[in-house]
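Here are some notes to read beside the model.

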Amino acid sequence: MNRYVLTRFLLILPTLLAVAVIIFVLVRVVPGDIVELRMVLGGSYVTPQVLAAERARLGLDKPIWHQFLDWIGGMVRLDLGRSMWSGEPVAREIGLRLQLSLQLAIMATLIATALAIPLGTIAAVYRGSWVDQAVQVFSVAGLAVPSFWLGILIILFLLTVFQYLPPLTFTPLWTDPKANLAQLIWPAIAVGYRYSAVATRMTRSALLEVLREDYIRTAWAKGLGQRTVLRRHALRNALMPVITVIGLEFAFLIGGLVVTEQVFNLNGIGKLIVDAISQRDYTLIQGLMLLVAVGYMLVNFIVDLLYAWIDPRVSYQ
Amino acid sequence: MVRYSIARTRRWQPIAVGLLIILLVVWLPARPTEAQQQPRRGGTLNYVVSALPPSFDAHRETTFAMLHPILPHYNMLVRFDTRNFPKVIPDLAESWSASRDGMTYTFKIRQGVKFHDGSTLTSRDIKASFDKIIFPKEGVISVRQPIYQMVRIIEAPDPQTVVFRLKWAAPGFVEKLASPFNWIYKAEIIERDPTWYERNVMGTGPFKFVEYVRGSRWVGRRNEDYFERGKPYLDGYQALFISSRSAMIAALKSGQALIEFRGVSPAERDDLVRTLGDRIQVQEQPWQCNLIVAYNTKKKPFDDPKVRRALSIAVDRWGGSRALSQIALVGPVGGLMRPGSDYALPESELVKLPGYGRDMQRARTEARNLLREAGVPEGFTFTLKNRDVQMPYEPVGVYLVDQWRQIGLIVQHSQQETAKYLADLRALNYDASVDFACDFIDDPDVQLAKYVSSDVNPANYGGYIDRQLDLMFFQQSRTADRATRLKVVHQFEKRLLADQAYVMYVLWWQRIVPHWRRLQGYKATTNHYVEPDMREYWLSE
């Protein structure tokens, strides 16, 4: 097991290097120039000499391979460089937003899981009944309604009915839990609902499949109670694909909530990615894409480990 | 005796009642005005800023996103009076004078002005700040250096005097010094590290820096040692960074923010007024921003002035102004200089320029004739490049496509993300493109600079080299006599928009600034760069 974990962990490194090369090349293939965006947009009279000096200051006058080596060298020293737009260290720019994005992802995951597993189980157990139909309507609606649209509806509802708007600035959970939750609970509900719809459907279909297995029939034949059959034998095995979906969705939430963050004015990773790309802030884009890649790799890694914990048939020997 | 008194009282009764009525008539409406004129101290102003400041150094940035949150920490040498814009008034200068030949400007500096660290401001700080802007050391970026080419040397003969010696008598020199980007820094700091101000704040302004949470908020609190007695009125301010339009409008509706100093679209204005009723006030002004069409003069058929002129003539600006101002933040019809400004062509002259006539049937016939003369009688197909920013680019782009369709041109409207759009313009990878310009001042040195040859100013995307325009730009910049300068400016305008038609002015922008009535002392100007003038604002409750 330990050997598997170590090998799996070490495999992350070459994957990261490949991702780094792809990101580095891709951001430079896309047309656009941070210096012009910052200094010329709007018709300012800036001399070509000033533009050249700014490009030199940002290191954009160096050959591409040189820029790549500088960046990789920095990464080896755990230095992601400075944002070309703000001049702040990339790690600080990301760290500032990661706290919010991570908390929102966790809250949305908790809401989604708390809804999806009981609802999916009930729908599977009472397949074909009105309960199943109701759960299906709930989950299909969740899939059909984009979370940002639900977010807009929530804001309009709060504004129109209660003349209330959630706080516009982020307060860390440990500084003021009330203000923190007042801001994040609404986007967490908007995102968590869509997320729960995916997981509910997955739970239902996985459980239906498992309930047809021979060992479940054996469990019933042994005279075990419904709760024991469901919890100990069926659900545990059915959770494998559900965990995969939850894991992937969680990783997506870290940087993928671009529009929802805009709607609720959340200072998160998704908004930062959009800003960095629209400003052609190469160093920041590279740092953010690496973060997303690392996020996905870590979540996959953890999901793999969870398989073994949940399903005794899975072995990493 | 008693009778007399009663009689006298009765005789005075109508007079007293009359006086009372007059008093009531005069006094009652005067009450709110009086209240408005009595600023109240206290409170925190929350407002929206729709983009993030790249750095904190105004000498190297060009964006309002840096001015709106950080300007209240600084002073300029002289500044624009936002209540009587574009009048220039003293800021850190107490007074100034110009020599008879217009080659020397002497500024007397206020005494007892303190930086936020407690040190005293002297002329050395003013000189060091302007030296950084006009004569930057190697490695220091100053984007407005070309505006001050006329300055030969800056001297600080004593702690209370600064002298600007010029190479030529430059018109509008003091207005240029009043740029809201010319913040005065502490000499000792910029001499030690000229890049220090890129990530730090320390000025003499009405508000001291409290905190900046990147992407979230910028907070300032009142500078109790501010040199203007009794000001500022506010205890502090909080600039909220909100880039989404819907979130911004929600913030304004909820009262979490009282204003956004750039402006909103007509639809957003109407939505806010509908929701907030008389709690909101709307101020509108023609804006020192314009939308133009740039042509790639290196590409056929746009290398032919006849074709460019035909495209300009075919667009109904007056009708466009009426229709588009209902849905987009555009409105005034104008030429090269902002309509209403001292340099603008009067309407009677403007309508004589090709493309500004009101008879569109005649104009379109003329446009078709020009196309025939240019060898494209059947019209042609081309792409109009535009930014993927909705307001006001998209509706104006759609309007242009429709106007050109009416003279037989087939136009594809291609909207692109700003970085790609800009890269294509720079590489001359386009046919025609919607372009724009915004600035803080009507001075021709600033407004005309975009149109000098592309080898002189990289912001000219037309790709043309026109030494006549360059010469006229040079001449107007060195002409102290106002009437002669105006004449040269209008010659420049005629060559740019009519004879060569290198660009086409579509419409000027209309600034619409809604704000809660609670915010008092605010007066919208013709541009969003000189605001916020935070020392003047106060909250009514």
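1. Start with B:Glu198, which sits in the loop that joins α5 (187–192) to β8 (207–213) in chain B. Keep in mind throughout that this is a predicted model.

2. Is B:Glu198 exposed, partly exposed or buried? A residue needs 20 or more other C-beta atoms within 10 Å to be buried, and 12 or fewer to be exposed. B:Glu198 has 17 C-beta neighbours inside 10 Å, so B:Glu198 counts as partly exposed.

3. Which residues does B:Glu198 touch, leaving aside those up to four places away in sequence? The contacts are B:Ser55, B:Phe56 and B:Asp57 from chain B, and A:Gly87 from chain A. A related pair is B:Glu198 and B:Pro54: 144 residues separate them in sequence, but their C-alpha atoms are 8.8 Å apart in space.

4. Next, the nonpolar core. The largest one has 238 residues, and the members that touch the most others are A:Leu288, B:Ala251, B:Val293, B:Val396 and B:Val506. Helix α9(A) gives the largest share of this core, with 14 residues.

5. Apart from residues up to four places away in sequence, B:Val506 touches B:Leu291, B:Ile292, B:Val293, B:Val315, B:Arg317, B:Val396 and B:Leu400. Two of these contacts, B:Val293 and B:Val396, are also named with B:Val506 among the core members that touch the most others.

6. Helix α9 of chain A (residues 177–211) packs against helix α11 of chain A (residues 226–256). Their axes lie 8 Å apart, at an angle of about 155°. Angles over 145 degrees count as roughly antiparallel, which is why α9(A) is described as roughly antiparallel to α11(A). The crossing of α9(A) and α11(A) is right-handed.

7. What are the two sides of that contact made of? On α9(A) the contact residues include A:Val191, A:Tyr195, A:Met202 and A:Leu211. On α11(A) they include A:Ala234, A:Asn237, A:Pro241 and A:Glu249. By type, the residues of the contact are 17 nonpolar, two polar and one charged.

8. Finally, chain A as a whole. Chain A has 14 helices and zero strands. Its C-alpha atoms fill a box of roughly 85 × 60 × 35 Å along the principal axes. Of its 317 residues, 39% count as buried. Among contacts in chain A with a separation of 6 or more, 72% come from residues 24 or more positions apart.

Note on methods:
Residues numbered from 1 in each chain as written. Chains lettered and ligands numbered in written order. Predicted model: local features only at pLDDT ≥ 70, side-chain atom pairs only at ≥ 80, totals over all residues. Axes fitted to C-alpha atoms, helices over the stretch in contact; angles between N-to-C directions. Helix = DSSP H or I, 4+ residues; strand = E, 2+ residues; numbered from the N terminus. Parallel < 35°, antiparallel > 145°, perpendicular 65-115°, else oblique. Left-handed = near helix turned anticlockwise from the far one by under 90°. Contact = placed C-beta atoms within 7 Å. Nonpolar A, V, L, I, M, F, W, Y, C, P; charged D, E, K, R; others polar. Core = buried A, V, L, I, M, F, W, Y, C linked by C-beta atoms within 7 Å.
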